[in-house]
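Biologist: Before I rely on the labels attached to this chain, I would like each one set against its cut-off. Could you take me through them?

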Amino acid sequence: MAKIKSALDIQMDLTRPVEELTEVISAVIATQPARRKEILKGLDIAIGDALAEIQAQEDQKTDNDSSGKVS
């Protein structure tokens, strides 16, 4: 039985992550135009979660840095 897969072979310049990721996202969306909104919403959630985690870590670091200071 034949197995058929859709795949992108990607090489990225990691010195330009935003531009490169934008191109990859555009390429994926171009192959799935009917799912564009679903894909972008999923990315929005994943990015929001990642940013919230970073913010929580920064907030915790700020709390830890200021907890030992004497006023």
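**Labels and their cut-offs**

Modeller: D65 has a relative accessible area of 44% and is therefore partly exposed, since buried means under 20%, exposed over 50% and partly exposed in between, with a 1.4 Å probe and protein chains only. This is a predicted model, in which local features need pLDDT of at least 70 and side-chain atom pairs count only at pLDDT 80 or more, while totals for chains, interfaces and linings use all residues. Residues are numbered from 1 along each chain as its sequence is written, and side-chain values use heavy atoms, with hydrogens and water left out.

Biologist: What makes K61 count as exposed?

Modeller: The relative accessibility of K61 is 52%, so K61 counts as exposed.

Biologist: How do you know that the side chains of K61 and D65 meet in a salt bridge?

Modeller: A salt bridge is a side-chain nitrogen of Lys or Arg within 4 Å of a carboxyl oxygen of Asp or Glu, and for K61 and D65 the N to O value is 3.2 Å. Both residues lie in helix α2, four residues apart, about one turn of the helix, where helices are DSSP runs of H or I with at least four residues, numbered from the N terminus.

Biologist: How many salt bridges does this rule give, and which side chain meets that of E20?

Modeller: The count comes to three. The side chain of E20, a residue of helix α1, meets that of R16 at 2.9 Å, N to O, and the side chains of R35 and E38 meet at 3.1 Å, N to O.

Biologist: Are R16 and E20 buried or partly exposed?

Modeller: R16 has a relative accessible area of 35% and is therefore partly exposed, whereas E20, at 11% relative accessibility, counts as buried. Leaving aside neighbours within four places in sequence, E20 is in contact (heavy atoms within 4.5 Å) with Q11, M12 and D13.

Biologist: Why is α1 called roughly antiparallel to α2?

Modeller: Helix α1 and helix α2 (residues 36-67) pack at an angle of about 150°, with their axes 9 Å apart. That angle makes α1 roughly antiparallel to α2, because angles under 35 degrees count as roughly parallel, over 145 as roughly antiparallel, 65 to 115 as roughly perpendicular and the rest as oblique. The contact is made by I25, V28 and I29 of α1 together with R36, I39, L40 and L43 of α2.

Terms used:
Helix = DSSP H or I, 4+ residues; strand = E, 2+ residues; numbered from the N terminus. Axes fitted to C-alpha atoms, helices over the stretch in contact; angles between N-to-C directions.
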